[in-house]
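Biologist: I am new to this one. Please bring it up, and then I will ask my questions.

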Amino acid sequence: MFGSLAHWSIGSLNRMGTKHIPQRTCIACRTVRAKRELVRIVRTPELRVVADPTGKRAGRGAYVCRTRECWEVVLSAPKHLEHALHLEMPIRQDDLAQLREFAATLPPREQSNAVPKNEIV
Ligand SMILES: [Zn+2]
């Protein structure tokens, strides 16, 4: 009886140990968040750079918060994104335009009670 109880405890510990939420870092503000709170930008095999809200496209990805603020940071300095995606050429202007259109659909700033980014110097 005690033997089976101990076995049960170990089993539940293992389940807890394997439970983990995938996390990624926003390339704009460097905040580590749960992957689903970020939007993936992917470099496709055709070397196009596109927003990937489903996170399922093939290719090298970079993650940006789901806020317009962070997207503006990224889009104002595309070199940073090129670097994150290991892209050896500038992002195409039409790809940037598409990313801007995507950014315009995002909320202007975070809805949660997180500390505003500009208070961190
Ligand atoms: Zn961010």
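Modeller: A term before we start. Two residues are in contact if their C-beta atoms, placed from the backbone, lie within 7 Å. Keep in mind, too, that this model is predicted.

Biologist: Where in the chain is confidence lowest, and where is it highest?

Modeller: The mean pLDDT of the chain is 85, and 75% of its residues reach 70 or more. Helix H1, residues 2-18, has the lowest confidence, at a mean of 52. The highest, at 98, is in E4.

Biologist: Which residues of H4 does H2 meet?

Modeller: Helix H2 covers residues 68-76, and helix H4 covers residues 93-104. From H2 come Arg68, Trp71, Glu72 and Leu75. The residues of this contact divide into 5 nonpolar, no polar and 3 charged.

Biologist: Is H2 roughly parallel or antiparallel to H4?

Modeller: Two packed helices are described by the angle between their axes and the distance between the axes. Here the axes of H2 and H4 lie 10 Å apart, at an angle of about 165°. The crossing of the two is left-handed. Angles over 145 degrees count as roughly antiparallel, so H2 and H4 are roughly antiparallel.

Biologist: Which strands are the edge strands of the sheet?

Modeller: The sheet is open, with 3 strands in the order E4-E3-E5 and antiparallel pairing. An edge strand here pairs on one side only. The edge strands are therefore E4 (49-52) and E5 (60-65).

Biologist: What is the average twist from one strand to the next?

Modeller: Take the open sheet, ordered E4-E3-E5. From one strand to the next, the twist averages 30°.

Biologist: Which residue stands opposite Arg40 in E4?

Modeller: Strand E3 spans residues 38-43 and pairs with E4 in the antiparallel sense, over 4 bridges. Arg43 has Val49 as its bridge partner in E4. Opposite Arg40 stands Asp52.

Biologist: Which residue in the hairpin of E3 and E4 takes a positive phi?

Modeller: This hairpin has 5 residues between the strands. The phi in question is near 65°. The residue is Leu47.

Terms used: Residues are numbered from 1 along each chain as its sequence is written. This is a predicted model: local features need pLDDT of at least 70, side-chain atom pairs count only at pLDDT 80 or more; totals for chains, interfaces and linings use all residues. Two strands pair if DSSP finds at least two bridges between them. Axes are lines fitted to C-alpha atoms, for helices over the stretch in contact, and angles run from 0 to 180 degrees between N-to-C directions. pLDDT is the predictor's confidence in each residue, from 0 to 100. Angles under 35 degrees count as roughly parallel, over 145 as roughly antiparallel, 65 to 115 as roughly perpendicular and the rest as oblique. A crossing is left-handed if the near helix is turned anticlockwise from the far one by less than a right angle, and right-handed if clockwise. Ala, Val, Leu, Ile, Met, Phe, Trp, Tyr, Cys and Pro count as nonpolar, Asp, Glu, Lys and Arg as charged, and the others, Gly among them, as polar.
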